[in-house]
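Let's take a friendly tour of a few residues and their surroundings. Please keep the sequence and the 3D view at hand.

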Amino acid sequence: MALLEVSNISKSFGTTSVLRDISFTMEKGDVVSIIGSSGSGKTTLLRCLNFLETPDQGTVRLNGETLLDASDKTVPKEAELRKRRLHFGLVFQSFNLFPQYTALDNVVLARELLLREKCRDKTQRRRIHEETVEQARQLLTQMGLQDRMNNYPHQLSGGQCQRVAIARALALEPDILCFDEPTSALDPELTGEVLRVIRSLAERDTTMIIVTHEMSFAHDVASKVIFMDEGIILEQGTPQQVFDHPSAERTRHFLANYTGL
């Protein structure tokens, strides 16, 4: 059984069809890179997987459990949506850190709020806080930010802010970590910082979906590549299949704009 099964996902905004019959699977430890031109539906697909958008049709199953069936028009309660979202951690293009909190506090806050919902006892809450802070320290150290934990976002570079955002997503222990063009707002030097972190996560068998325009990185790190064009999956396979031996003329034309592959 695949870890994730996405079947026949379609999404329109008004009369504009953004996703059409999207289907793919992934196993635990897979790194799936989604590539394609701007406007091809990549970000909308991530937002559907993270329950920030509702598809018009299709299903999403995780470990055999149906998280989404668009044919069921029952509106889930907010608590149920939060529960479903916890399966997917999403790292945005623009960091979305809380400016009034330090790097450490940004990582601690989300997990602590989650755990506090399940615990009313003050003694347990104190223990949860201590454990959460320790976990956040470990994650920030893993991101190479052991000397920046008490800095505020405005005191950090863009690459450092993005690494804090990655640590925050990991703190919620998602089944799948999703990246929406994580380096698009960074200059080339800072891009390298973030890509090295994502590469290290891949080496630890972290299951990830990465929307990216970094073709060389996708070629080297991904176990599966999906090429999207005008809302459909035009081609998918191993990096060698998609990058080195693309079957579709549109894929070949797209990749011809990138060098160093």
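This is a predicted model: local features need pLDDT of at least 70, side-chain atom pairs count only at pLDDT 80 or more; totals for chains, interfaces and linings use all residues.

Residues are numbered from 1 along each chain as its sequence is written, and side-chain values use heavy atoms, with hydrogens and water left out.

**The lysine.** K224 belongs to strand β9, residues 224-229 (strands are DSSP E runs of at least two residues, helices H or I runs of at least four, numbered from the N terminus). K224 is buried, meaning under 20% relative accessible area with a 1.4 Å probe, protein chains only. K224 has no salt bridge (a side-chain nitrogen of Lys or Arg within 4 Å of a carboxyl oxygen of Asp or Glu); D30, the nearest side chain of opposite charge, is 5.5 Å away. The K224 side chain does reach the backbone oxygen of T25, at 2.6 Å.

**The cysteines.** The disulfide count is zero, taking a disulfide as a pair of cysteine sulfur atoms within 2.5 Å. The sulfur of C178 is 12 Å from the closest cysteine sulfur, in C48, so it is too far for a bond.

**The leucine.** L140 sits in helix α4, residues 122-142. The C-alpha atoms of L140 and A167 are 6.1 Å apart, although 27 residues separate them along the chain.

| Residue | Relative accessibility |
|---|---|
| C48 | 3% |
| C178 | 0% |
| L140 | 0% |

Note on methods:
Buried means under 20% relative accessible area, exposed over 50%, partly exposed in between (1.4 Å probe, protein chains only). Lys and Arg count as positive and Asp and Glu as negative; His and the chain ends are not counted. A polar contact is a pair of N or O atoms within 3.5 Å; within protein, one must be able to donate a hydrogen and the other to accept it, and residues adjacent in sequence count only if both atoms are side-chain atoms.
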